[in-house]
Amino acid sequence: MQVVFVKKIQKVVVLGTGGTIAGTAANASEQVAYTAAQVGVAQLTAALPGLDAALAGRQLVVEQVAQLDSKDMDHATWQLLARRCAHWLAQADVDALVITHGTDTIEETAWFLQAVLQPSKPVVMVCAMRPASSNEADGPQNLHDALVVSAQPLAAGVSVVCAGVIHNARHVQKVHPYRLDAFSSGDAGPLGWIQADQVRWLSAPQAAPVSTGTLAEQVTRTAVNQWPVVEVVLSHAGASRRPVDALVQAGVAGLVVAASGNGTVHHEVQAALLDAQRRGVHVRRSTRCQEGPMVGNSSPWPDMDGLSPLKARISLMLELLAESEV
Ligand code: SIN
């Protein structure tokens, strides 16, 4: 008897959420006045030059999870996205996910998905600075690059691909409102580059610890209006205690202070945060500097392991959710 092994075709799943990569303007030369989130992800992938090469023998599956300008990203959409990612990542014949997203909050969604799912398979997020209707659109090249990265044996966890650069979810930040290469990973540097379909890793992505799935289950199951409310407050010249007091009054569970320099906080804000802490509010500290973590710790509040204030907000919210009874 002859035994024939039939190799199953693996899949890459592209999930659409909107953004400029799916945006349109009134004419092809318009790069600034456009509406984000107009073109479906099926249309974006169908129009992609070099799609077969980028798929590298994998079958393409597309799903429109949301269609929004990422300035309006919300917890309900995050929850839905986490559910769909968890669903696809659990399929043995799915190799990787690619997620199209707006640039404005992609770093937050990337960190949320990394923290919640800790995927060992690659989840490559991709965006664009020019709308799909532009005669100089960057979206097709970025999407092609993201598919190339998603097929890499070394790829793992959540990354962001833009302008030929691969960034780690933990370090990536949008640092420019207009230029095509709008992202930086600060001191940590990028994970690598994509050049003519070749990936040059600068540092290999860390294989994620095997997730117990407990947090993912809690995040996907708990109604978003039950998620702990965590806000960011800014320490700045001329700051007052008013924003902190108002937030405490409104019933926040946690506050992240975006501190100046190496974690310093305006004395008025500091006094308000200490009062908030005495009233049971969880306080964390992060620097508003864009490059590099704080060093030493002379503050009453723990820092968040080098996370930006926006990502620290997500981590504290997840930490409090994990501890909660809901
Ligand atoms: C958005 O973030 O959805 C709009 C801006 C962009 O994608 O560049």
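## Loop residues and a helix crossing in a predicted model

The side chain of glutamine 31 makes a polar contact with the side chain of glutamate 136 at 3.4 Å, where a polar contact is a pair of N or O atoms within 3.5 Å; within protein, one must be able to donate a hydrogen and the other to accept it, and residues adjacent in sequence count only if both atoms are side-chain atoms. This is a predicted model, in which local features need pLDDT of at least 70 and side-chain atom pairs count only at pLDDT 80 or more, while totals for chains, interfaces and linings use all residues. Residues are numbered from 1 along each chain as its sequence is written, and side-chain values use heavy atoms, with hydrogens and water left out.

A polar contact of 2.7 Å also joins the side chains of glutamine 31 and serine 134. Not counting residues up to four places away in sequence, glutamine 31 touches Met129, Arg130, Pro131, Ser134, Asn135, Glu136 and Tyr178, contact meaning heavy atoms within 4.5 Å. Glutamine 31 is found in the loop between strand 2 (24–25) and strand 3 (34–35); helices (H or I, at least four residues) and strands (E, at least two) are DSSP runs, numbered from the N terminus.

| Residue | Relative accessible area | Class |
|---|---|---|
| Glutamine 31 | 11% | buried |
| Alanine 37 | 9% | buried |
| Glutamine 118 | 29% | partly exposed |

Alanine 37, whose place is in the loop between strand 3 and helix 1 (41–46), has a phi near 65°, a positive value in a residue other than glycine. Glutamine 118, which lies in the loop between helix 4 (106–117) and strand 6 (122–126), has a positive phi of about 40° although it is not a glycine.

Turning to the helices, the axes of helix 3 (residues 75–89) and helix 6 (residues 214–221) come within 9 Å and cross at roughly 130°, the axes being lines fitted to C-alpha atoms over the stretch in contact, with angles running from 0 to 180 degrees between N-to-C directions. That makes helix 3 oblique to helix 6, since angles under 35 degrees count as roughly parallel, over 145 as roughly antiparallel, 65 to 115 as roughly perpendicular and the rest as oblique. The contact is made by Gln79, Ala82 and Arg83 of helix 3 and by Val219, Thr220 and Arg221 of helix 6.

Definitions and conventions. Buried means under 20% relative accessible area, exposed over 50%, partly exposed in between (1.4 Å probe, protein chains only).
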